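Hi there,

Here is the model I promised to pass on to you. Have a look at it first, and my notes follow below.

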Amino acid sequence: TILLSGIFLAACNNGFLDKEPLSNVTPEQYLSNEANLGSYTIDLYNLLPTHGQYGWGTFEADNHTDNMAGMQPSAMYAPGQWRVEQTGGAWDFTPFYRCNYFLHHVLPKLERNEIEGNRDAINHYVGEAYFLRAFSYFQKLQELGDFPIITDIFPDDREVLTAASERRPRNEVARFILQDLDHAIELLGNTAPNGGKNRLGKM
């Protein structure tokens, strides 16, 4: 019993049992090769408008304007019906967090050449993230005008988040969108890697 206990303790001390769970993937492990980056950014395509099964996609934004009449009457013309929703709405920072999370972990690794794979493909995926963040900010510029410019990820701390949520003038938001688009133009390839036809490209 004493001998077995000694072997067990020795195994614990030399790190044999001190390992990361194989079912958990950390950012340091996941965002470290070309395939991981491609998988992450293709999931960000959900930020783009879609027609869906019955939706109108990009055309739906023209509902009840001088371009298109909706099939159902708008509540904005009915007294007492145009109300602010209690949840959701335009103040949703999820798109920015997802893009910022990717860029926060990938850009330092890219600078240190720690990402495995084809460099042109890696740059393309980073360019996609910049474009999708710019697109998300463009939507907020249309909906709200002045809006916070957030380029990093923050801890779940009320004071920190409140300070970061200060609205910036719309002209600064517009310049930030153009800056992200410049990054995207610089990094995106003419066509998507591996001949992918369901991804962004310059052509």
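Helices here are DSSP runs of H or I with at least four residues, strands are runs of E with at least two, and both are numbered from the N terminus.

Before going on, please note that this is a predicted model, where local features need pLDDT of at least 70 and side-chain atom pairs count only at pLDDT 80 or more, while totals for chains, interfaces and linings use all residues. Residues are numbered from 1 along each chain as its sequence is written, and side-chain values use heavy atoms, with hydrogens and water left out.

Back to N123: with a relative accessibility of 16%, N123 counts as buried. Buried means under 20% relative accessible area, exposed means over 50%, and partly exposed is in between, using a 1.4 Å probe and protein chains only. Leaving aside residues up to four places away in sequence, N123 touches L110 and L187; a contact means heavy atoms within 4.5 Å.

Now the overall picture. The chain has 7 helices and 0 strands, in the order α-α-α-α-α-α-α along the sequence. Of its 203 residues, 29% count as buried. Among contacts with a separation of 6 or more, 65% are between residues 24 or more positions apart. The chain exposes about 14,300 Å², and carbon and sulfur atoms supply 54% of that area. Accessible areas come from the Shrake-Rupley method with a 1.4 Å probe, and for residues only the protein chains shown count as cover.

V173, F176, I177, D180 and A184 are the buried residues in α7. Seen down the axis, they fall within an arc of 100 degrees, so they line one face of the helix; the arc is taken from the directions from the helix axis to the C-beta atoms. These buried residues pack against α5 (119-144). On the other side of α7, R175, L178, D182, I185 and E186 are exposed.

Next, the charged pairs. A search of the whole structure finds 7 salt bridges, each defined as a side-chain nitrogen of Lys or Arg within 4 Å of a carboxyl oxygen of Asp or Glu. One of them joins R98 and D43 at 2.5 Å, N to O. This pair links distant parts of the chain, with R98 in helix α4 (residues 94-111) and D43 in helix α3 (residues 34-43), 55 residues apart. D43 is partly exposed, at 39% relative accessible area. R112 and E114 form another salt bridge, with their closest N and O atoms 2.8 Å apart. R112 is partly exposed at 49%, and E114 is partly exposed at 41%. E143 and K140 also meet in a salt bridge, at 3.7 Å, N to O. These two are 3 residues apart in helix α5, so about one helical turn separates them. K140 counts as buried, at 8% relative accessibility.

Last, the surface. M76, Y77 and W82 form a nonpolar patch there, with about 420 Å² of accessible area together. Patches are made of residues with over 30% relative accessible area and no salt bridge, with like charges joined within 9 Å and nonpolar side chains (Val, Leu, Ile, Met, Phe, Trp, Tyr) within 5 Å. W82 sits in the loop between α3 and α4 and is exposed, at 62% relative accessible area.

Best wishes
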